[in-house]
Amino acid sequence: MADDYLVRIGKLIRDARQHRGWTQTQLAEALGTSQSAVNRIERGNQNISLEMIARIGEALDSEIVSLGYAGPMHLRVVGGRRLSGSIDVKTSKNACVALLCATLLNKGRTVLRRVARIEEVYRLLEVLGSIGVRTRWINDGVDLEIVPPAALEMESMDETAARRTRSIIMFLGPLLHRMDSFKLPYAGGCDLGTRTIEPHMIALRRFGLDIAATEGMYHARVDRKVAPGRPIVLTERGDTVTENALLAAARHDGTTVIRNASSNYMVQDLCFFLEALGVRVEGVGTTTLTVHGVPNIDVDVDYSPSEDPVEAMSLLTAAVVTESELTVRRVPIEFLEIELAVLEEMGLDHDRTPEYFADNGRTRLVDLTVRPSKLEAPIDKIHPMPFPGLNIDNVPFFAAIAASAQGQTLIHDWVYDNRAIYLTDLNRLGGRLQLLDPHRVLVEGPTRWRAAEMMCPPALRPAVVVLLAMMAAEGTSVLRNVYVINRGYEDLAERLNSVGAQIEIFRDI
């Protein structure tokens with residue numbers, strides 16, 4: 001029995017190391033041990049303490065085991081089941097985290113309605129609480145109240161929580177108005193390869209922010225004499241870069257023009273929230289934003305973020321790969337029109353209701369009903385573009401959809417260094433995906449999915465794609481350590497079960 005336990009632990013460690021892209025030697029160096037010792041551990045030939053397992057998990061940023069609570073969460077999936085009925089799309093993860101960062105602009109009370117209860121939000125709440133911001137769930141845990149202190153306690157910041165979310169980078173824009181110097185831990189989040197903060201710095205330097213990066217921290221200083229005298233041109237039309245520039249401009253005493261701005265869904269939600277704070281933003285939905293800043297913001301505000309188009313795409317994909325008829329309600333159609341156009345070309349049978357408004361009064365929603373369809377591979381490659389192109393975060397779902405279609409589909413995920421590589425995990429479930437280079441995958445369909453036990457990829461969207469493929473595979477699959485899914489989705493397993501899936505949450509060790 002002990003030998004079986006050690007073998008299982010060893011396999012988990014090996015899978016986590018391989019997903020991180022490390023060699024045994026690299027892991028050994030991080031642990032201060034030898035490559036041969038790591039090799040013995042992974043083969044199950046060496047006794048290993050819980051403390052050592054926890055150290056390995058910390059080194060690999062993977063919750064193989066955690067001391068002090070029940071341990072990592074896994075999913076057991078009984079696949080081959082058809083879905084039916086209807087399911088609602090939750091509020092946007094990326095909008096919610098941007099709005100939480102934006103509350104630092106306001107001296108008054110903020111209430112955010114129907115906030116996504118996900119790990120990414122929890123990490124930000126831990127960080128906010130540690131620096132003196134009072135947050136509490138109200139209205140039976142549906143809404144979130146945020147009340148800032150007169151002065152932030154930056155020296156008390158929960159660095160562990162901060163390092164587990166890339167959203168911490170969006171503290172830079174608000175904080176430069178609150179203090180002359182401060183420190184932030186390096187941003188974390190999904191493992192998607194090298195992601196520089198230089199585009200953020202190019203924008204924020206125009207507001208006097210200067211950063212030195214040393215020993216895992218960003219050391220920020222603000223020169224109050226510096227202010228943008230001409231339009232800020234973003235070198236990258238990124239969502240978080242645009243949001244940081246907006247957050248900095250919101251309390252700048254003057255007018256700021258931001259060009260090459262993202263017009264994606266979370267940026268629009270942030271603009272709508274800033275307007276609720278009294279900041280006038282012109283050009284919402286375009287690539288040029290004109291922000292009329294308010295140097296002192298002290299208002300009580302109530303705001304409802306809109307629904308998440310990427311979660312909507314996830315649920316549509318669940319219906320497609322399981323060959324189900326499913327109605328997905330509250331879909332933000334403006335941000336899925338390109339995806340649906342591609343799916344129509346592939347032969348998707350679906351219909352939609354007339355449009356209606358989200359609770360923010362601005363975002364257009366529809367209810368979509370998807371039916372079993374005989375799909376053909378698209379003629380053109382699948383590739384993302386900034387909005388209004390095919391959403392960058394929706395590209396991985398086309399790997400599972402293409403695997404369900406007849407023919408070959410080329411997917412070109414040019415944005416991230418590693419994400420296309422993680423899509424080849426579908427091969428362990430019967431997929432036929434060929435990695436052409438770090439950014440291009442050739443998908444051959446249709447696929448006869450088969451059950452498997454595997455470690456969750458360390459990137460959010462590929463992890464969900466693997467889960468959806470498991471739902472299509474006959475038999476019982478196990479997906480281990482699903483923390484990354486919980487970062488971006490609220491109660492996903494339970495909600496899929498409500499429309500006919502069979503997914504069991506369990507823990508071990």
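**View 1. Helix H13 packs against its surroundings in this predicted model.** The buried residues of H13 pack against helix H12 (309–321), strand E15 (349–352), strand E17 (364–371) and helix H14 (395–403). Which residues of H13 are buried? In this helix, residues 337–346, they are Glu-339, Leu-340, Val-342, Leu-343 and Met-346. Seen down the helix axis, these buried residues fall within an arc of 160°, so they line one face of H13. An α-helix has 3.6 residues a turn, so residues three or four places apart point the same way. Just after H13 comes Gly-347, with a positive phi of about 105°.

**View 2. Helices H12 and H14 pack together.** Two packed helices are described by the angle between their axes and the distance between the axes. Here the axes of H12 and H14 come within 10 Å and cross at roughly 10°. Angles under 35 degrees count as roughly parallel, so H12 is roughly parallel to H14. H12 brings Val-310, Met-313, Ser-314, Thr-317, Val-320 and Val-321 to the contact. H14 brings Phe-397, Phe-398, Ala-400 and Ile-401. By class, the contact has eight nonpolar, two polar and no charged residues.

**View 3. Helices H5 and H6 form another contact.** H5 covers residues 93–102, and H6 covers residues 119–130. Their axes come within 10 Å and cross at roughly 5°. That makes H5 roughly parallel to H6. On H5, the residues in contact are Lys-93, Cys-96, Val-97, Leu-100 and Cys-101. They meet Glu-120, Val-121, Leu-124, Leu-125 and Leu-128 of H6. How many of the residues in this contact are charged? Two are charged, eight are nonpolar and none is polar.

**View 4. Leu-426 is a buried loop residue.** Leu-426 is found between helix H15 (419–423) and strand E19 (432–437). Its relative accessible area is 0%. Which residues does Leu-426 contact, leaving aside neighbours within four places in sequence? They are Ala-399, Ala-400, Gly-431, Leu-433, Trp-449, Val-465, Val-466 and Ala-469. Val-466 is 40 residues from Leu-426 in sequence. In space, their C-alpha atoms are 6.2 Å apart.

**View 5. Trp-449 is buried in a loop.** The loop of Trp-449 runs between strand E20 (440–445) and strand E21 (453–455). Trp-449 has a relative accessible area of 9%. Not counting residues up to four places away in sequence, Trp-449 touches residues including Ala-400, Leu-426, Gly-431 and Ala-469. Ala-403, Ser-404 and Leu-429 are also among its contacts. Pro-446 lies in the loop between E20 and E21 too. A cis peptide bond joins Gly-445 and Pro-446, with omega about 0°.

View 6. Pro-388 lies in the loop between E17 and H14. Arg-330 is buried, at 18% relative accessible area. Asn-481 sits in the loop between strand E22 (475–480) and helix H17 (483–488). At 12% relative accessibility, Asn-481 counts as buried.

View 7. Where pLDDT is low, the predicted coordinates should not be read in detail.

Key: Residues numbered from 1 in each chain as written. Predicted model: local features only at pLDDT ≥ 70, side-chain atom pairs only at ≥ 80, totals over all residues. Heavy atoms only, no water. Axes fitted to C-alpha atoms, helices over the stretch in contact; angles between N-to-C directions. Helix = DSSP H or I, 4+ residues; strand = E, 2+ residues; numbered from the N terminus. Parallel < 35°, antiparallel > 145°, perpendicular 65-115°, else oblique. Contact = heavy atoms within 4.5 Å. Nonpolar A, V, L, I, M, F, W, Y, C, P; charged D, E, K, R; others polar. Buried < 20%, exposed > 50% of the residue type's maximum accessible area, 1.4 Å probe, protein only. Arc of directions from axis to C-beta.
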